[in-house]
Amino acid sequence: MPELTRRRALGAAAALAAVAGGQALTATSASASAGHHDGPEPFDEVYRGRRIEGRAGGGGHHHGAGYGVFIDGMELHVMQNADGSWISVVSHYDPVATPRAAARAAVVELHGAPLVPLA
């Protein structure tokens, strides 16, 4: 059996690190190609008599990372803050955790009034 030298130990450690790194990249690529993402989940429900919807790539305003929120078919302008919270044009100073919560807060603030589109 050959003698273990520092050079051989470092070479073996480098080879193991390269294999582990390659496996990590393969796992990351596989999960990305499977359609996994960290964006908000889509929703479609009736809340206090109003239909609220949220879906990826939905709206014309892209401050929410390409996520559209709608109340009765009208787009609610939403934006994701740097800390991960969400705000809407209706409740701009009251950040919430999700786009669904932003839609619900807007419904409460509207008090039954229709959502008017942004010009």
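Student: Which residue in S3 stands opposite Arg55?

Tutor: Happy to start there, with a reminder that this is a predicted model, where local features need pLDDT of at least 70, side-chain atom pairs count only at pLDDT 80 or more, and totals for chains, interfaces and linings use all residues. Residues are numbered from 1 along each chain as its sequence is written, and side-chain values use heavy atoms, without hydrogens and water. Strands are DSSP E runs of at least two residues, and helices are H or I runs of at least four, numbered from the N terminus. In S3, the residue opposite Arg55 is Gly68.

Student: How many bridges link S2 and S3?

Tutor: Two strands pair if DSSP finds at least two bridges between them. S3 covers residues 67–71 and pairs with S2 in the antiparallel sense. The number of bridges is five.

Student: Which residue in the turn between S1 and S2 has a positive phi?

Tutor: S1 (residues 43–47) and S2 (residues 50–56) run antiparallel, joined by five bridges. Phe43 stands opposite Gly54 in S2. The two strands form a hairpin with two residues between them. The positive phi, about 50°, belongs to Arg48.

Student: In what order do the elements of the protein chain run?

Tutor: The protein chain has two helices and six strands. Read from the N terminus on, the order is α-β-β-β-β-β-β-α.

Student: What percentage of the residues in the protein chain is buried?

Tutor: Buried means under 20% relative accessible area, with a 1.4 Å probe and protein chains only. The protein chain has 119 residues, and the buried share is 26%.

Methods
Buried means under 20% relative accessible area, exposed over 50%, partly exposed in between (1.4 Å probe, protein chains only).
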